[in-house]
Amino acid sequence: MEFSAASTSIQDIDMEFDKNVPRICGVCGDKATGFHFNAMTCEGCKGFFRRSMKRKASFTCPFNGDCKITRDNRRHCQACRLKRCVDIGMMKEFILTDEEVQRKRNMIIKRKEEEAIKESLRPKLTEEQQKMIDVLLDSHRKTFDPTYSDFNQFRPPVRENECRRITRSSSVNTQISLSEESDAFSSSPDTPEHAFFTNSLFQQYGDGHSPLAMGSNELSMLPHLADLVSYSIQKVIGFAKMIPGFRDLIAEDQIALLKSSVIEVIMLRSNQSFSMDDMSWTCGSDEFKYKVDDVTQAGHNLELLEPLVKFQVGLKKLSLHEEEHVLLMAICILSPDRPGVQDKVLVEAIQDRLSSTLQTYILCKHPPPGSRLLYPKMIQKLADLRSLNEEHSKQYRSLSFLPEHSMKLTPLVLEVFGNEIS
Ligand SMILES: [Zn+2]
Ligand SMILES: [Zn+2]
């Protein structure tokens, strides 16, 4: 191929060798197959050059040494054909020895084998695992309504908005640490959220009394939130029943698992409505937007709510896929170490299946950097839930101890969390 003086830039050359442009052998003008020994040639001239070089052949032109080589006459004068090869830039240094050819072939084979091994070692979800995920997603979607439309059927929320008595005694521990998450609670220290949070802290720790003991006996939010919790318990039960393997357990174990895990699963699933913008659970309209203050008006104090909000923020920051979220809830329910579980082996087997599905899912579906240490971080969340559960039980016991409070709960709540009076 003749290069015109103008086409010297790389771009021009690339364009000339574009797939659509016919490629012509620089030696004989036949159709070229690519670059061979440094020049664009046909297969015939490629072979001719290689053979000539290997044989160290020396040709003599039978004519006058300037034969014009064409596709049809290229066999007539080997001397001029070889001269043409050298003229267009073909170099014997580009010819591989037999040994080199063999080495190159072996390398290609080896690389292919390595790729095959790598591919076979790459974690993949088994058909069973994928099915498990599909079932859990479906179960969750059937039991979690992101429109929260049922909330209208609960006893309505009543918020006491009067200025709360704030006792700023000198014994106040103003440094209730919100630790590394503290900045997440408010963008500026002057936002209402922050003021509220601080006030709540004072209220809580100011004179050593819980809100319960501070005269807000009304617990105006209790009926609504009791209904909300009761409703959530039903939904969690519905979800649990659809977890593959759960119904293989004896009834007593199903009940034991649910009783001890349900509050943890409610905390987990509520993360879906939790918003880091204002640290609230936002379930549709403003009426169903719950801040820490609302929950204190249902009888809980900051010893539960502060770590609970921190938990929500930490969980939100993991940005779990819905697949991971539902697997985590299922793993939480199927914990063999819950009190009262009889067939621990079976529960553990089901939980193991869920855990390995989660680990494989993260490996093959969750891209870095989010996937980094994600599994251990999720397991840590389960540990956090245990302490939240413990604190909740403590506060529930003191709350339900008073008949005027327990009468505002629902039969299901009393059954699941216990009834101190009976
Ligand atoms: Zn040729
Ligand atoms: Zn010749």
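**Figure 1. Overview of the fold.** Contacts between residues 24 or more positions apart make up 72% of the protein's contacts that have a separation of 6 or more. Contact here means heavy atoms within 4.5 Å. This is a predicted model, in which local features need pLDDT of at least 70, side-chain atom pairs count only at pLDDT 80 or more, and totals for chains, interfaces and linings use all residues. Residues are numbered from 1 along each chain as its sequence is written, chains are lettered from A and ligands numbered from 1 in the order in which they are written, and side-chain values use heavy atoms, with hydrogens and water left out. The protein has 16 helices and five strands. Both are DSSP runs numbered from the N terminus: helices are H or I with at least four residues, strands are E with at least two. Of the 422 residues, 44% count as buried. Buried means under 20% relative accessible area, exposed over 50%, and partly exposed in between, with a 1.4 Å probe and protein chains only.

**Figure 2. The site of the zinc ion (ligand 1).** Four cysteine SG atoms coordinate this ion, from Cys-25, Cys-28, Cys-42 and Cys-45, at 2.2 to 2.4 Å. Donors are N, O and S atoms within 2.8 Å of the metal (3.2 Å for Na, K and Ca); water is not among the atoms, so sites may look incomplete. The angles among the four donor atoms are 101 to 118°, and the site is tetrahedral. Four donors count as tetrahedral if all angles lie between 85 and 135 degrees; four count as square planar and six as octahedral if opposite donors are over 155 degrees apart and all others between 65 and 115; anything else is irregular. Along the chain, the donors of the zinc ion (ligand 1) follow the spacing C-x2-C-x13-C-x2-C. Cys-25 and Cys-42 link distant parts of the chain, 17 residues apart. Cys-25 sits in the loop between helix H1 (10-16) and strand E1 (34-36). Cys-42 sits in the loop between strand E2 (39-41) and helix H2 (43-55). Both Cys-25 and Cys-42 are buried.

**Figure 3. The site of the zinc ion (ligand 2).** The SG atoms of Cys-61, Cys-67, Cys-77 and Cys-80 coordinate this ion at 2.2 to 2.4 Å. The site is tetrahedral, with angles of 106 to 116° among its four donor atoms. The donor residues are spaced C-x5-C-x9-C-x2-C in sequence. Cys-61 has 17% relative accessibility, so it counts as buried. Cys-67 has 23%, so it counts as partly exposed.

**Figure 4. Helix H3 and its end.** Helix H3 covers residues 78-87, and its buried residues are Ala-79, Cys-80, Arg-81, Leu-82 and Cys-85. The buried residues of H3 pack against H2. An α-helix has 3.6 residues a turn, so residues three or four places apart point the same way. Just after H3, Gly-89 takes a positive phi of about 105°.

**Figure 5. Helix H8 against helix H9.** H8 (residues 222-241) and H9 (residues 251-269) pack at an angle of about 105°, with their axes 9 Å apart. Axes are lines fitted to C-alpha atoms, for helices over the stretch in contact, and angles run from 0 to 180 degrees between N-to-C directions. H8 and H9 are therefore roughly perpendicular to each other. Angles under 35 degrees count as roughly parallel, over 145 as roughly antiparallel, 65 to 115 as roughly perpendicular and the rest as oblique. H8 contributes Val-229, Ser-232, Ile-233, Lys-235, Val-236, Ile-237 and Ala-240 to the contact. H9 contributes Leu-258, Val-262, Val-265, Ile-266 and Arg-269. The residues of this contact divide into nine nonpolar, one polar and two charged. Ala, Val, Leu, Ile, Met, Phe, Trp, Tyr, Cys and Pro count as nonpolar, Asp, Glu, Lys and Arg as charged, and the others, Gly among them, as polar.

**Figure 6. Surroundings of Val-347.** Val-347 lies in helix H13 (residues 344-365). Val-347 is buried, with a relative accessible area of 0%. Leaving aside neighbours within four places in sequence, Val-347 contacts Leu-249, Leu-257, Leu-334, Ser-335, Pro-336 and Val-341. The C-alpha atoms of Val-347 and Asp-248 are separated by 9.6 Å, and these residues are 99 apart along the chain.

Figure 7. A cis peptide bond joins Pro-368 and Pro-369, with omega about 0°. Pro-369 is in the loop between H13 and helix H14 (374-400). Tyr-148 is not a glycine, yet has a positive phi of about 55°. Tyr-148 lies between helix H5 (127-143) and helix H6 (182-185), in the loop, and counts as buried at 11% relative accessibility. Met-279, also not a glycine, has a positive phi of about 55°. Met-279 is in the loop between strand E3 (274-275) and strand E4 (280-282), and is buried with a relative accessible area of 6%.
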